[in-house]
Amino acid sequence: MTSPLVTILDDEPEIRRILTSTLEDAGFRTQSFARAREFEAALNRMTPDVCLVDLSLPDTDGLTLVHRLALEQGAAVIIISGRAQVQDRVTGLELGADDYITKPFDPAEVVARVRARLRSAPRTAAPASDTARFSGWIAHFDRYVLEDDTGCETPFSHAEGEVLRLFLDSPKRLISRAQMQEALGGAAGESFDRAMDVRVSRLRTKLREDPKNPRLIKTIYGAGYIFLGDVDWG
């Protein structure tokens, strides 16, 4: 069985060296890049399982790249950045990142976060189909798009798709934050809770929900969420 491929995009040679060494010692394959253009060109010939991306890149805006990766690639995206402000974390998660690690970091923590993302990839007993129909929508998980009843398509990110699939697999059942943490991976705590809130908010927007009275994804305060639609897989 081929080991998972982790790509590293960071313009600091020592960061690339440390991450490459630590990840390969942990059994992963790696490819590292100093420039975004080199990384994006390589995507034409490889399919990474996890992308580690620094935000402070010399040839592009890291957040723009994260957003594009989240929409166009099936890989999980983990930001590794020296930007430690809460707003930077929130923005990264809103744009589709699956996780956010601040520098300086413990290499062992990076390995643990990568493993958590890979454990969460199959996350549920997946239906035979990658297409789900509900409330006038069709979710295409093979293409990461939502299709409305007119055929108009709206892309969703890998991170948003994780949460959507969790809801669609368990309609009309309370899903607690603890259950979300167990199913999706990641460390429990304020950062995880905020990440889930961001993803749910973005899903509601894409499903054209009224933020004050959502009809599909209901928040049960202090408990979790319930997805109220009828779901047909296939």
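Q: Why is Arg68 called partly exposed?
A: In this predicted model, Arg68 has a relative accessible area of 28%. Buried would need a value under 20%, and exposed one over 50%, so a residue in between is partly exposed. With its 28%, Arg68 belongs in that middle class.

Q: What makes the contact between Arg68 and Glu40 a salt bridge?
A: The cut-off is 4 Å between a side-chain nitrogen of Lys or Arg and a carboxyl oxygen of Asp or Glu. For Arg68 and Glu40, the closest N and O atoms are 2.3 Å apart, so the pair qualifies. Arg68 sits in helix 3 (residues 62–72) and Glu40 in helix 2 (residues 36–42), so the contact ties together parts that are 28 residues apart in sequence. Glu40 is partly exposed too, at 27% relative accessibility.

Q: How do you know that Glu14 and Arg17 meet in a salt bridge?
A: Their N to O distance is 2.6 Å, and the limit is 4 Å, so the pair counts. Here both partners lie in helix 1 (residues 13–25), three residues apart, which is about one turn of the helix. Glu14 is partly exposed at 43%, and Arg17 is partly exposed at 47%.

Q: Are Arg113 and Asp99 buried or exposed, and why?
A: Both are buried: Arg113 has a relative accessible area of 19% and Asp99 one of 13%. Buried means under 20%, so each value passes the test. These two form a salt bridge as well, with the closest N and O atoms 2.8 Å apart. The pair links distant parts of the chain, with Arg113 in helix 5 (residues 107–120) and Asp99 in strand 5 (residues 99–102), 14 residues apart.

Q: Which residues do salt bridges that share partners join into one network?
A: They are Asp10, Glu12, Asp54 and Lys103. Across the whole structure, a search finds 18 salt bridges.

Q: How do you know that strand 8 and strand 9 pair?
A: Pairing takes at least two bridges. Strand 8 (residues 145–147) and strand 9 are joined by three, and they run antiparallel, so they count as a pair.

Q: What makes strand 9 and strand 13 edge strands?
A: Five strands form an open, antiparallel sheet in the order 9-8-7-6-13. Strand 9 (153–155) and strand 13 (232–233) each have a single partner strand, so one side of each is left without a neighbour in the sheet.

Q: How do you know that strand 11 and strand 12 pair?
A: Four bridges join strand 11 (residues 217–220) to strand 12 (residues 224–227), running antiparallel. At least two are needed, so the strands pair. Ile217 stands opposite Phe227 in strand 12. The two strands form a hairpin with three residues between them, and Gly222 in the turn has a positive phi of about 80°.

Q: How many disulfides does a search of the whole structure find?
A: It finds zero. To count, a pair of cysteine sulfur atoms must lie within 2.5 Å. The cysteines include Cys51, buried at 1% relative accessibility, and Cys152, partly exposed at 39%.

Terms used
Residues numbered from 1 in each chain as written. Predicted model: local features only at pLDDT ≥ 70, side-chain atom pairs only at ≥ 80, totals over all residues. Heavy atoms only, no water. Buried < 20%, exposed > 50% of the residue type's maximum accessible area, 1.4 Å probe, protein only.
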